[in-house]
Amino acid sequence: MRGFDLRKVAEFIRRADTEELLDRVTIYRDGMEPAALDLMEGELDRRGISREEIAEHGEARWESAIRLPDGTAQRCNYCNRPAVMRQRRWHRVFGLVPIFPRVFAYCATHGPKKTKDDANPPADAGS
Ligand SMILES: [Zn+2]
């Protein structure tokens, strides 16, 4: 039984976003095959990313990431980025009937949008 197709992994790595590779060699490192890690670090090196930049990315990610009890980073429910916020929402059966509250995790990209206040500053009040 071979659980690991190195050729497929290498192909995936060549096409992966730099951001994704950086996440995988830093906060998701523990879950990676050593051979895959070697390939990813080689690819980052090829793209001109230094060891220092990799370390900085990892530190910044851990600062905002939600750490699970086992020490790994919580992932966003919608992509592979690390989650930076959690929100309890009602899980709905068939999208209709709320049954039980579930915790959803979001990365910075998929989090609930900010209110419009930022884009539309309130009109100057009177005077
Ligand atoms: Zn996301």
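Modeller: Welcome! A nonpolar core is a set of buried Ala, Val, Leu, Ile, Met, Phe, Trp, Tyr and Cys residues joined through C-beta atoms within 7 Å. Buried means that 20 or more other C-beta atoms lie within 10 Å of a residue's own, exposed means 12 or fewer, and partly exposed is in between, with C-beta atoms placed from the backbone. This is a predicted model, in which local features need pLDDT of at least 70 and side-chain atom pairs count only at pLDDT 80 or more, while totals for chains, interfaces and linings use all residues. Residues are numbered from 1 along each chain as its sequence is written.

Colleague: Which pattern does the protein chain follow along the sequence?

Modeller: Helices (H or I, at least four residues) and strands (E, at least two) are DSSP runs, numbered from the N terminus. The protein chain holds 4 helices and 2 strands. Along the sequence, they give the pattern α-α-α-α-β-β.

Colleague: How many residues make up the largest nonpolar core?

Modeller: This core includes Ile27, Ala65, Ala73 and Cys76, and also Ala83, Val84, Ala105, Tyr106 and Cys107. Another core lies apart from it, with Leu21, Leu22, Leu39 and Leu44 among its 6 residues. The number for the largest core is 9.

Colleague: What share of the 127 residues in the protein chain is buried?

Modeller: In general, nonpolar side chains tend to be buried together in soluble globular proteins. Here, of the 127 residues in the protein chain, the buried ones make up 17%.

Colleague: Which residues does Ala105 touch, not counting those up to four places away in sequence?

Modeller: Ala105 belongs to the largest nonpolar core. A contact here means C-beta atoms, placed from the backbone, within 7 Å. With residues up to four places away in sequence left out, Ala105 touches Ile66, Gln74, Arg75, Cys76, Asn77, Ala83 and Arg86.

Colleague: How are α2 and α3 placed to each other?

Modeller: Helix α2 covers residues 18-25 and helix α3 covers residues 34-46, and their axes lie 10 Å apart at an angle of about 135 degrees. Axes are lines fitted to C-alpha atoms, for helices over the stretch in contact, and angles run from 0 to 180 degrees between N-to-C directions. Leu21, Leu22, Arg24 and Val25 of α2 make the contact with Leu37, Met40, Glu41, Glu43 and Leu44 of α3. Angles under 35 degrees count as roughly parallel, over 145 as roughly antiparallel, 65 to 115 as roughly perpendicular and the rest as oblique, so α2 and α3 are oblique.

Colleague: And how are α1 and α3 placed to each other?

Modeller: Helix α1 spans residues 6-15, and its axis comes within 10 Å of that of α3, crossing at roughly 30 degrees. On the α1 side Leu6, Val9, Ala10, Ile13 and Arg14 meet Ala35, Ala36, Leu39, Met40 and Glu43 in α3. The two helices are therefore roughly parallel.

Colleague: What does Leu37 count as, buried or exposed or partly exposed?

Modeller: Leu37 has its place in helix α3. Leaving out residues up to four places away in sequence, Leu37 touches Val25, Arg29 and Met32. Because Leu37 has 14 C-beta neighbours inside 10 Å, it counts as partly exposed.

Colleague: Is Ala108 buried or exposed?

Modeller: Ala108 sits in the segment after β2 (97-106). Its C-alpha atom is 7.1 Å from that of Ala83, which is 25 residues apart from it in sequence. Since there are 12 other C-beta atoms within 10 Å, Ala108 is exposed.

Notes: Contact = placed C-beta atoms within 7 Å.
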